[in-house]
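Hello,

Here is the structure we spoke about passing on. My notes on it follow below the display.

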Amino acid sequence: MVLQTDAATSARLSKQRRRDTKPEVALRRELHSRGLRYFVDRAPLKGLRRRADLVFPRRKVAVYVDGCFWHSCPVHATKPRNNAQWWADKLAGNVARDRDTDERLAAAGWTVVRVWEHEAVDEAADQVEHALGRRVFRSRSDEN
């Protein structure tokens, strides 16, 4: 099946960023402010063309900031009406590739952290720190 898009849709899709999205940059800033250093947009395993948003190679932690539309968020996923079957197949393929990536990395001894673009930055950073084996410290003012 060939995807037929109108000019407006085509223009909008061509502007979608593959990296350096607002949620990804916000997470990077938060992690950097916590003293963490990482690689950006890097394949965790040689021979695996799939790139992680953030990679901590020494700790074998790969972080993905998944977009709600592209990765079928259970809370915010939408289903396009135009070319519905093509989009359903495309998005299902994205999810299947995500699971395959998770399995390949786990088999190689990596920890995968997946956060949704809508998650609070501090909570996403806490998840990353937890995966890195760092203790997450919060001051009392953060709890209020």
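A residue is called buried when its relative accessible area is under 20%, exposed when it is over 50%, and partly exposed in between. Arg 28, at 14% relative accessibility, therefore counts as buried. Please keep in mind that this is a predicted model.

The sheet

The sheet is open and has 4 strands, in the order E1-E2-E3-E4, with mixed pairing. Strand E1 (39-42) and strand E4 (111-116) are the edges, each pairing on one side only. From one strand to the next the twist averages 30 degrees. Between E1 and strand E2 (residues 52-56) the pairing is antiparallel and runs over 3 bridges. Val 40 is opposite Leu 54 in E2.

Two helices belong with this sheet. Helix H2 (residues 22-33) lies across E1, E2, strand E3 (61-66) and E4, at about 20 degrees to E2. Helix H4 (residues 121-131) also packs on the sheet, where it touches E2, E3 and E4, and its direction makes about 175 degrees with that of E4.

Helix H2

The length of H2 can be checked against its residue count.

Which residues of H2 are buried? They are Glu 24, Val 25, Leu 27, Arg 28 and Leu 31. Because they cover an arc of only 160 degrees around the axis, they sit on the same side of H2. The buried residues of H2 pack against E1, E2, E3, E4 and H4. On the other side of the helix, Lys 22, Arg 29 and Ser 33 are exposed. After H2 comes Gly 35, which has a positive phi, near 90 degrees.

Apart from neighbours within four places in sequence, Glu 24 is in contact with Arg 19, Val 40, Asp 53 and Val 65.

Salt bridges

In total there are 12 salt bridges in the structure. Side chains of opposite charge can pair when their charged atoms come close.

Arg 28 has a salt bridge with Asp 20, with the closest N and O atoms 2.9 Å apart. Asp 20 is at 23% relative accessibility and so counts as partly exposed, whereas Arg 28 is buried.

Glu 30 forms a salt bridge with Arg 34, the closest N and O atoms being 2.8 Å apart. At 24% relative accessibility, Glu 30 counts as partly exposed. Arg 34 also meets Glu 129 in a salt bridge, at 2.8 Å from N to O. What does this second pair tie together? Arg 34 is in the loop between H2 and E1 and Glu 129 is in helix H4, so the pair links parts that are 95 residues apart in sequence. Glu 129 has 5% relative accessibility and therefore counts as buried.

Elsewhere, salt bridges with shared partners join Asp 66, Asp 98, Arg 99, Asp 102 and Arg 114 into one network.

Regards

Definitions and conventions:
Residues numbered from 1 in each chain as written. Predicted model: local features only at pLDDT ≥ 70, side-chain atom pairs only at ≥ 80, totals over all residues. Heavy atoms only, no water. Pairing = 2+ DSSP bridges. Axes fitted to C-alpha atoms, helices over the stretch in contact; angles between N-to-C directions. Contact = heavy atoms within 4.5 Å. Buried < 20%, exposed > 50% of the residue type's maximum accessible area, 1.4 Å probe, protein only. Arc of directions from axis to C-beta. Salt bridge = Lys/Arg side-chain N within 4 Å of Asp/Glu carboxyl O.
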